[in-house]
Amino acid sequence: MKRFCITAVIFILLFMFTGCTFAAKKGILLFNSEPVTRENALHDNMVFNAGERVYYLFIAPKKMKNKFIRVQIFKMIESAPWGGNEIVRTKDFRLMKDERYYHTDYFTLYETGRYVMQVFSIDDLQHPLAVDFFYLR
């Protein structure tokens, strides 16, 4: 019984002190089928038609110190034995002074499937600022 209580206390302390704090440091990616404006900025779509423009809005978790971001899109491949992905598009953008909290643009893809988009600060390409997925049908 004593061993069980000690194990339970260890698990409770483990969950209390190793809580996920990385979620507050992540940015937001919103996708839309129309150009992003103040009126439709929070209308997030996840399913698009192939060949249709996909507009996106990246909102940074805090003011970005770096002037450059990298936007990367990759396709999830279902035929791979353990799951896999294929990089479809990577592009670097220079942020103007008034864009240090957000970035908006669009792209067009022509193959159906599940895609994932990541936004990185150019000085840290290992940890994405925001990650989200969408589908093309």
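Visitor: Is β3 mostly covered or open?
Guide: Mostly covered: five of the seven residues in β3 are buried. Keep in mind that this is a predicted model.

Visitor: Which strands pair with β3?
Guide: Strand β1, residues 28-32, runs antiparallel to β3, and five bridges join them. Strand β6, residues 102-108, also pairs with β3 in the antiparallel sense, over seven bridges.

Visitor: Which residue in β3 is the bridge partner of L30?
Guide: That's L57. L57 also stands opposite T104 in β6.

Visitor: OK, new topic. What is the strand order in the open sheet of five strands?
Guide: The order is β2-β8-β7-β4-β5, and the pairing is mixed. β2 (47-48) and β5 (84-94) are at the edges with a single partner strand each, so one side of each has no neighbour in the sheet.

Visitor: How many bridges are there between β4 and β7?
Guide: Eight, with β4 (residues 68-77) and β7 (residues 113-121) paired in the antiparallel sense. Within β7, Q118 is the residue opposite Q72.

Visitor: Now the surface. Which residues form the positive patch?
Guide: K63, K67, R94 and K97 form that positive surface patch.

Visitor: Where is K63 found?
Guide: K63 is in the loop between β3 (53-59) and β4.

Visitor: And why does K63 count as partly exposed?
Guide: Because its relative accessibility is 48%, and the exposed class begins over 50%, with buried being under 20%.

Technical notes:
Residues numbered from 1 in each chain as written. Predicted model: local features only at pLDDT ≥ 70, side-chain atom pairs only at ≥ 80, totals over all residues. Heavy atoms only, no water. Pairing = 2+ DSSP bridges. Helix = DSSP H or I, 4+ residues; strand = E, 2+ residues; numbered from the N terminus. Patch = residues over 30% accessible without salt bridge, like charges linked within 9 Å, V, L, I, M, F, W, Y side chains within 5 Å. Areas by Shrake-Rupley, 256 points an atom, 1.4 Å probe, with all protein chains shown as cover. Salt bridge = Lys/Arg side-chain N within 4 Å of Asp/Glu carboxyl O. Lys, Arg positive; Asp, Glu negative; His and termini not counted. Charge placed at Lys NZ, Arg CZ, Asp CG, Glu CD. Buried < 20%, exposed > 50% of the residue type's maximum accessible area, 1.4 Å probe, protein only.
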